[in-house]
Amino acid sequence: ELDALTSLAFFYSYVPYFVAIGAFCLMLVERGVREVLVCIFGAVVVGLGEGVWKQIAKQQRPIGTCLQTCGMPSSHATIAASLFV
């Protein structure tokens, strides 16, 4: 059973993904240079985080997690920071 705070945290953890999907949809509609650059920048930042930085850091996830990949740097944090910039 989820309490209100856990539900809020669950929703909030997906906000960067919602914003990224919104930016991609806006790019398809507006077809402007700014929208294309935001999508390219986000893809490059996430690609570097997943493909390069995680391989350098190789910090293991906590015991009991279902995922086998390295945990840090966090994709959520990377997406949120890239959208902030």
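Okay, let's start with Val45, which sits in helix 3. Helices here are DSSP runs of H or I, at least four residues, numbered from the N terminus. Before going on, a caveat: this is a predicted model, where local features need pLDDT of at least 70, side-chain atom pairs count only at pLDDT 80 or more, and totals for chains, interfaces and linings use all residues. Residues are numbered from 1 along each chain as its sequence is written, and side-chain values use heavy atoms, with hydrogens and water left out.

So, what does Val45 touch, leaving aside residues up to four places away in sequence? Thr78 and Ser82, where a contact means heavy atoms within 4.5 Å. Val45 and Thr69 are 24 residues apart along the chain, and their C-alpha atoms are separated by 18 Å.

Compare that with Glu50, also a helix 3 residue. Glu50 and Ser74 are likewise 24 residues apart along the chain, with 8.9 Å between their C-alpha atoms. Skipping residues up to four places away in sequence, Glu50 touches Gln55 and Ser75. Its relative accessible area is 35%, so Glu50 is partly exposed; on this scale buried is under 20%, exposed is over 50%, and partly exposed is in between, with a 1.4 Å probe and protein chains only.

Now the helix itself. Helix 3 covers residues 33–57, 25 residues in total, and spans 34 Å from first C-alpha to last, close to the 36 Å expected at 1.5 Å a residue. That expected span is 1.5 Å times one less than the number of residues. Where does helix 3 bend? At Gly49, by about 35 degrees, taken as the angle between axes fitted to the seven residues ending there and the seven starting there.

Gly49 is also on the buried list for helix 3, along with Glu35, Cys39, Gly42 and Lys54. Those buried residues pack against helix 2 (15–30) and helix 4 (75–84).

On the surface, there's a nonpolar patch made of Val33, Val36, Leu37, Ile40, Val44, Leu48, Val52, Trp53 and Ile56, with about 830 Å² of accessible area together. The areas are Shrake-Rupley with a 1.4 Å probe, and for residues only the protein chains shown count as cover. Val44, one of the patch members, belongs to helix 3 and counts as partly exposed because its relative accessibility is 45%. As a reminder, an α-helix has 3.6 residues a turn, so residues three or four places apart point the same way.

Next, the two ends of the helix. Arg31 lies in the loop between helix 2 and helix 3, and has a positive phi of about 55 degrees although it is not a glycine. Most residues other than glycine have a negative phi. Arg31 is exposed, at 68% relative accessible area. After helix 3 comes Lys58, again with a positive phi, near 45 degrees.

Last one: Leu2, in the segment before helix 1 (4–13). Leu2 is exposed, with 61% relative accessible area.

Methods:
Patches are made of residues with over 30% relative accessible area and no salt bridge: like charges are joined within 9 Å, nonpolar side chains (Val, Leu, Ile, Met, Phe, Trp, Tyr) within 5 Å. A salt bridge is a side-chain nitrogen of Lys or Arg within 4 Å of a carboxyl oxygen of Asp or Glu.
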